[in-house]
Amino acid sequence: MTLDPAGPPEQTPGAAVRTDPSRAAEPTGSWRELLGPEHLAASLVLAGGVAVYAMSAFVTAALLPSVIADIGGSAYFAWVTTSYMVASVLTSTLVARTAALLGPSRAYLLAFLLFAAGSVGAALAPSMAALLGGRVIQGMGGGLLAGLGYAVIRDALPTHLWTRATGLVSAMWGVSTLVGPVLGGAFAQLQIWRGAFWLLALVALALGLTSLRSLPGRGDRTRSVGPLPVPSLITIVLAAAAFSIAAVAPSGGPMLLWLLAGVLLLGGFVVVERAAPSSVLPRMTYRRGNPLKWLYILLGILSATAMVEIFLPRFGQELAGMTPLLAGIFGATVSIGWSFSQIFSVGAERERSRRILMILGPVLVTGGLLVFTATQHAAPAGWAIGLWVVGLVLAGTGVGLAFPHLSVAAMRSSDDPVEGAKAAAGVNTAELIATTIASALVGLLVAVGGSALMGAGIAALGAVGIGVAVLALRRRRS
């Protein structure tokens, strides 16, 4: 589709939207409008769904020592997170289909009910096996919530608010990193770990009821969603499971074998998708010359940056002698940069400014992590620790500057309703797959070379992202 200011667009079904670089600016709305009376409830549901999904992961991690002390099951410690992530990846691939069949409000209600049911199951769990079952159901609801947060923006809000809404939704990942551990720690300190799951269930139910009143109610059954892409779903779930197991496998040979299995399965997913009559991601993702694949890869690379936070509290205590509280704050430095930079980056209205931010994002990620890597010492001085913080906040800032505009570029990649909805939902699928892979990769790097190798490895990934950003933007212009 080519936009011509002098006349109506000529549309090729399923074609990518090409923006005219000569346009001086495109309005993005304002925070006051997005959070005003007309759109506040919808914004609350979109952001709240992602928040409860992300917060559940951090709350549960903080609760696990108390859970194991109460009901046992220490041998299944890692599976509490792994089961949640794999279930989330599975349902994230069904977001566009669910929204089309049920409509945004009912799709959200289903997701919140699943999440609440899983939370109640976890709260009542008499054993670790029962807790794992609750976490699987929670993850199924959470995967839908995280994907709907991006996919429903197209239906729930006017176009000029998409960028700010995307910034608000993606900022919830950073907010959850800050709030989740504190909330979980508070319930653990009070020795009422089950209360945290009850609270998550109540919040999910409240947001589910709000979705019925604030979002469009009916699905578009005229959209041909096609048959369920079973081969693609099986392959991507197996790939996610392999990477998740790699993240908790013993370092060395076992971890490398699981990583290799994950890579092979991920490649198999692409092969199956290209040949299948019905796909998880939009068809245009696999077309030669289409920028959507590069947008997804870049979104995945930026999402992977946040995975360094898994080990930052440990490094803060072991290398810098930080107190547990200070180490916890240090562990959120990437998310702090991510969350605050998005507040300002979403206001960019000129196409040229957005393109600059999309390239600047991976540049800052690479530079920030190189600063962190270069200042790693066995007994760091105060100035070195200060540079750690600067580098990590800079890396997070890079994510926040680029992420909203890349997400909206993916959402606008097609005027076809089915393909457009798949493209929007694919943002979250790419994010979940990337974080699953990155958690295993970061664990391997730390096991082999500690904090320095971790920083260098993710910095190298950021450098790859610079090239991917150039490719994506060049394809969009052409």
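Predicted model: local features only at pLDDT ≥ 70, side-chain atom pairs only at ≥ 80, totals over all residues.
What volume does the second largest pocket have? About 680 Å³.

Residues are numbered from 1 along each chain as its sequence is written, and side-chain values use heavy atoms, with hydrogens and water left out.

First, the overall fold. The protein chain has 18 helices and zero strands. Both kinds of element are DSSP runs, numbered from the N terminus: H or I over at least four residues for helices, E over at least two for strands. The C-alpha trace spans about 65 × 50 × 45 Å along its principal axes. For 478 residues, a compact globule would have a radius of gyration near 23 Å, and the protein chain has 21 Å, which agrees. That radius is taken over C-alpha atoms, and the globule rule is 2.2 Å times the number of residues to the power 0.38. Of the 478 residues, 55% are buried. Buried here means under 20% relative accessible area, exposed means over 50%, and partly exposed is in between, with a 1.4 Å probe and protein chains only.

Now the pockets and cavities. The search runs on a 1 Å grid over the protein atoms alone: a cavity is a set of points where a 1.4 Å probe fits but cannot get out, and a pocket is an open set with protein on both sides within 12 Å along at least five of seven lines. Lining residues have an atom within 4 Å of a point. Grid points are joined across faces, edges and corners, and a volume is the space filled by probe spheres set on the points.

The largest pocket has a volume of about 1700 Å³. Its lining has 49 residues, and those nearest the centre are Ala57, Phe58, Ala61, Glu309 and Ile310. Two or more lining residues come from each of α2 (40-71), α3 (79-92), α8 (162-189), α10 (230-248), α13 (312-320), α14 (324-330), α15 (333-345) and α18 (417-477). The largest share, eight residues, belongs to α2. By class, that lining has 33 nonpolar, 14 polar and two charged residues. For the classes, Ala, Val, Leu, Ile, Met, Phe, Trp, Tyr, Cys and Pro are nonpolar, Asp, Glu, Lys and Arg are charged, and the others, Gly among them, are polar.

Back to the second largest pocket. It is lined by 24 residues, with Leu266, Lys293, Tyr296, Ile297 and Ile433 nearest its centre. The elements giving two or more residues to this lining are α11 (253-275), α12 (292-305) and α18. Here α18 gives the largest share, 11 residues. The classes come to 18 nonpolar, four polar and two charged.

One of those elements, α12, is mostly covered, with 11 of its 14 residues buried. Among the buried ones are Leu292, Leu295, Tyr296 and Leu298. From first C-alpha to last, α12 reaches 20 Å, close to the 20 Å expected at 1.5 Å a residue. The expected span is 1.5 Å times one less than the number of residues.

The largest cavity holds about 170 Å³. Its lining has 20 residues, of which Thr93, Ala96, Arg97, Val280 and Lys422 lie nearest the centre. Both α4 (95-102) and α18 give two or more residues to this lining, and the largest share, seven, comes from α18. The classes are 12 nonpolar, five polar and three charged.

Next, helix α16, residues 351-374. Its 24 residues should span 34 Å at 1.5 Å a residue, and the end C-alpha atoms are 35 Å apart, which agrees. There is still a kink of about 25 degrees at leucine 360, shortly before proline 362. The bend at a residue is the angle between axes fitted to the seven residues ending there and the seven starting there.

Glutamine 191 sits in the loop between α8 and α9 (193-214). Phi of glutamine 191 is near 60 degrees, a positive value in a residue other than glycine, and its relative accessible area of 70% makes it exposed. Alanine 165, in helix α8, is buried at 3% relative accessibility. Its C-alpha is 8.9 Å from that of tryptophan 31, 134 residues apart along the chain. Glycine 252, in the loop between α10 and α11, is partly exposed at 30%.
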